[in-house]
Structures are given as C-alpha cells and as structure tokens.
Amino acid sequence: MQPTATVLVYSDDSTTREQVRLAAGRRPAPDVPQVEFVECATPEAVLRELDKGGIDVCVLDGEAVPMGGMGMCRQIKDEVFDCPPVLLLMGRPQDAWLATWSRADAAVTLPVDPVEFASALASLLRRKRLVGA
C-alpha cells in the first residue's frame, strides 16, 4: 500500500482551500506520496490539528482573516515542537521578505498557480521524507 502525506490547509476562504486541493491533485509529483488534506478555517483549528500530530506539511494563506498565514507561521514555528514545513501563500511577490520573517520554508503567490504550487509542495514533501528517514 502506498503511504500518504497529510497536508494542513489554512485559509478562511473556502475558494482558496479549493484552489490548493485542485493544484496539488491527488499526488503533486510522481515521486511523492498521495496527499490527504486537513482543512482549517481558523487559527484555533490549525493549533488543534498540529497538537494531534501527523501533519507532514502546512499550507498557510497569508491573506487569511483574522490571523494571516505569516503570523500563524511564525507562531507555530515558535510554539510547535518539530513543526512541519510551511508553504506560505502570499498576496504579492513583494511580500517575499515577510515570508522570510515568518520563517516559512517556501512561498508562492496567489492566485494559486497549479504548476508552481505542486512543485513547491512536492519539494517540501521530499524534504520531509528525507528528514524523517
């Protein structure tokens, strides 16, 4: 049986969460596991899911309300032991410096470009697999 990877997607916008799911597909690249998604619309839900464990990668919407993905990223990098890699969705390319401040492992711009997003997600999944091996 093929292992799966669990990807947490945080956005208050259901359309953004759907864009992420569609861009990743069932498997973002042939050499990474199939993905299952855990969707969160609130910061509290993100923290609950991370406390449960089993998350391989987090995708955080930098434009989310009431707490943006950049602030959420910085918080979980500080507070969650062995925090999973974070892929940040930015509103503008000029926000790349903020992604660095938040300690995101990768960042892509909104709207989600399927090729760019799948590539970034697959890269983080590969890194997670190598670190966990």
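Author: Let us begin with strand β3, from which V57, V59 and D61 point one way while C58 and L60 point the other way, and every one of these residues is buried. This is a predicted model, in which local features need pLDDT of at least 70 and side-chain atom pairs count only at pLDDT 80 or more, whereas totals for chains, interfaces and linings use all residues. Residues are numbered from 1 along each chain as its sequence is written, and side-chain values use heavy atoms, with hydrogens and water left out.

Reader: Why is D61 called buried?

Author: Buried means a relative accessible area under 20%, exposed means over 50%, and partly exposed lies in between, with a 1.4 Å probe and protein chains only. D61 has a relative accessible area of 3%, and therefore it counts as buried.

Reader: What makes β3 largely enclosed by the rest of the structure?

Author: Five of the five residues of β3 are buried, and so the strand is largely enclosed. As for the word strand, it stands for a DSSP run of E with at least two residues, while a helix is a run of H or I with at least four, and both are numbered from the N terminus. The two directions described for β3 can be set beside a general rule. In a regular strand the side chains alternate between the two faces of the sheet.

Reader: How do you know which strands pair with β3?

Author: Two strands pair if DSSP finds at least two bridges between them. β1 and β3 have four bridges in the parallel sense, with L8 standing opposite C58. β3 and β4 (residues 86–90) likewise have four bridges in the parallel sense, and here L60 stands opposite L88. Four bridges meet the requirement of at least two, so the word pair applies to β1 with β3 and to β3 with β4.

Reader: Which residues does D61 contact, and what does UniProt list for D61?

Author: Contact means heavy atoms within 4.5 Å. Leaving aside neighbours within four places in sequence, D61 is in contact with Y10, S11, D12, T16, G68, G69, L89 and L110. UniProt lists D61, in an unreviewed entry, for "modified residue: 4-aspartylphosphate"; such annotations may be inferred rather than shown by experiment, feature names are shortened, and positions are given in the numbering used here.

Reader: How do you know where the buried residues of helix α2 lie around its axis?

Author: In α2 (residues 43–52), P43, A45, V46, E49 and L50 are buried. Seen down the axis of α2, these buried residues fall within an arc of 160 degrees, the arc being that of the directions from the helix axis to the C-beta atoms, so they line one face of the helix. R48, D51 and K52, on the other side of α2, are exposed. The cover over the buried residues of α2 includes β1 (4–10), β2 (34–40), β3 (57–61) and α3 (69–79).

Reader: Why are D82 and R103 placed in separate classes of accessibility?

Author: D82 has a relative accessibility of 59%, and therefore counts as exposed, whereas R103 has 34%, and therefore counts as partly exposed. D82 lies in the loop between α3 and β4 and has a positive phi of about 55 degrees although it is not a glycine. R103 lies in the loop between α4 (96–102) and β5, and its phi, near 70 degrees, is also positive in a residue other than glycine.

Reader: What makes K128 partly exposed, and which residues does K128 touch?

Author: The relative accessible area of K128 is 26%, which is why K128 is classed as partly exposed. K128 is found in helix α5 (residues 114–132) and touches I55, D56 and P85, not counting residues up to four places away in sequence.

Reader: How do you know that the size of the protein chain agrees with a compact globule?

Author: The radius of gyration is taken over C-alpha atoms, and the globule rule is 2.2 Å times the number of residues to the power 0.38. With 133 residues, a compact globule would have a radius near 14 Å, and the protein chain has 13 Å, so the two agree. The chain holds five helices and five strands, running β-α-β-α-β-α-β-α-β-α from the N terminus on.
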